[in-house]
Amino acid sequence: MKRLTALCLSATLAWAGVTLAEEHYRASAPDGLRQGGTVAETQPAPPMAGQSRESGREVLNYPEQPPVVPHNIRDYQVDLRHNQCLTCHSRENAVSAGAPMVSVTHFMDRHKQVLAAVSPDRYFCTQCHVPQTDAAPLVENRFQTVDQVLGEMLRESQGGEP
Ligand code: HEC
Ligand code: HEC
C-alpha cells in the first residue's frame, strides 16, 4: 500500500512538473531588447543599425575616454597578420593619411614601458574604439558627461537644487 501511495504521489508530481514547464514555455517574454512574443517563439531579428555617423571627431565625455570612431569601419580588417586601422593611424602612416596618430599610451606595455611598435594590449582597436550610429538607444541611458557631473556638484555646493 505504501508503495502504491508513493508511486501515485510521484506520478502526480511529475505531471505537475510537466504542466509547470509547459506554462513557462508559453509564458510571454519580458519586453526587453526582444519585444513581445513568448519565451520559445523565434522572432525576426530587428533591422541592423544604418551606416555609422560621419560627423567628424567628437568631444570626449571625460579625459580618459577612448575617442569614438568618426568614420565608417565596415570591412576594415583587424587580424593576426593585418591591422587596417594602422595603415592610417600608425606613427609612420598618420601624417600622409591625414589621420590622428595613436597616442603614446598605445605603445606602452602593462609596466608602462614604451615599446617601439603598438603594444599587443592595444592591437584590437575596436575593443575600445567604436563608431556611432543614429540608432535609438535600446535601453534608457542616464549617462552624464564629466561637465554635467561637475556642474551639478557646483550647484549643490552653492546650496542650489541638486
Ligand atoms: C583610410 C584611413 C583610415 C583608416 C583605415 C582608419 N582610420 Fe580612423 N581616422 C582616419 C582619419 C582621417 C581620421 C580623422 C577624421 C576627422 O578628423 O574627421 C580618423 C579618426 C579616427 C578616430 C578619432 C580620433 C579622435 O581623437 O577623435 C578614431 C578613434 C579612429 N579613427 C579609429 C580607427 C579605427 C579603430 C580604425 C580601424 C577599425 C580606423 N580608425 C581606420 C583615417 C582612417
Ligand atoms: C584598451 C583600449 C584601447 C585600445 C585597444 C586602443 N585604444 Fe586608442 N585610445 C584609447 C584611449 C583610452 C584613448 C585616449 C587616451 C589615450 O590617448 O590614451 C585612445 C586614443 C586614441 C586616438 C587619439 C589619439 C590622440 O592623440 O588624440 C587614436 C587615433 C586611437 N586611439 C586609435 C587607436 C587604434 C588605431 C587602435 C588599434 C591599433 C587603438 N586605438 C587601440 C584606448 C584604446
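**Two ligand shells in one protein chain**

I will start with one residue: C88 counts as partly exposed, having 16 C-beta neighbours inside 10 Å. The scale behind that word calls a residue buried if 20 or more other C-beta atoms lie within 10 Å of its own, exposed if 12 or fewer, and partly exposed in between, with C-beta atoms placed from the backbone.

Before going on, a word on the source. This is a predicted model, in which local features need pLDDT of at least 70, side-chain atom pairs count only at pLDDT 80 or more, and totals for chains, interfaces and linings use all residues. Residues are numbered from 1 along each chain as its sequence is written, while chains are lettered from A and ligands numbered from 1 in the order in which they are written.

Now the chain as a whole. The protein chain has 4 helices and 0 strands, and its pattern along the sequence is α-α-α-α. Of the chain's 162 residues, 3% count as buried. Among contacts with a separation of 6 or more, 36% join residues 24 or more positions apart. Two residues are in contact if their C-beta atoms, placed from the backbone, lie within 7 Å.

Back to C88, which sits in helix 2. Apart from neighbours within four places in sequence, C88 is in contact with N93, A94, A97 and A99. UniProt, in an unreviewed entry, has a "binding site" annotation that covers H71, C85, C88 and H89. These span 19 residues in sequence, yet no two of their C-alpha atoms are more than 12.9 Å apart, so they gather at one spot. UniProt positions follow the numbering used here, feature names are shortened, and annotations may be inferred rather than shown by experiment. H71 from that group lies in the loop between helix 1 (2-26) and helix 2 (86-89), and is partly exposed, with 15 other C-beta atoms within 10 Å.

Which residues come nearest to ligand 1? Of the 20 around it, they are P67, C85, C88, A99 and C125. "Near" means that the C-beta atom, placed from the backbone, lies within 6 Å of the molecule or strand. Helix 2 gives the most to this shell, with 3 residues. The shell around ligand 1 divides into 11 nonpolar, 8 polar and 1 charged. Nonpolar covers Ala, Val, Leu, Ile, Met, Phe, Trp, Tyr, Cys and Pro; charged covers Asp, Glu, Lys and Arg; the others, Gly among them, are polar.

Next, ligand 2. It is surrounded by 20 residues, the closest being P66, S103, T105, C125 and C128. This shell has 11 nonpolar, 7 polar and 2 charged residues.

For "binding site", the unreviewed UniProt entry also lists H106, C125, C128 and H129. They span 24 residues in sequence, yet no two of their C-alpha atoms are more than 12.5 Å apart, so they too gather at one spot. C128 is in the loop between helix 3 (94-97) and helix 4, and is exposed, with 12 other C-beta atoms within 10 Å. H129 is in the loop between helix 3 and helix 4, but is partly exposed, with 16 such atoms within 10 Å. Leaving aside neighbours within four places in sequence, H129 is in contact with P66, P67, V68 and V69.

Last, helix 4. Of its 12 residues, the number buried is 0, so helix 4 lies largely in the open. After helix 4 comes G159, with a positive phi near 85°.

Terms used: Helix = DSSP H or I, 4+ residues; strand = E, 2+ residues; numbered from the N terminus.
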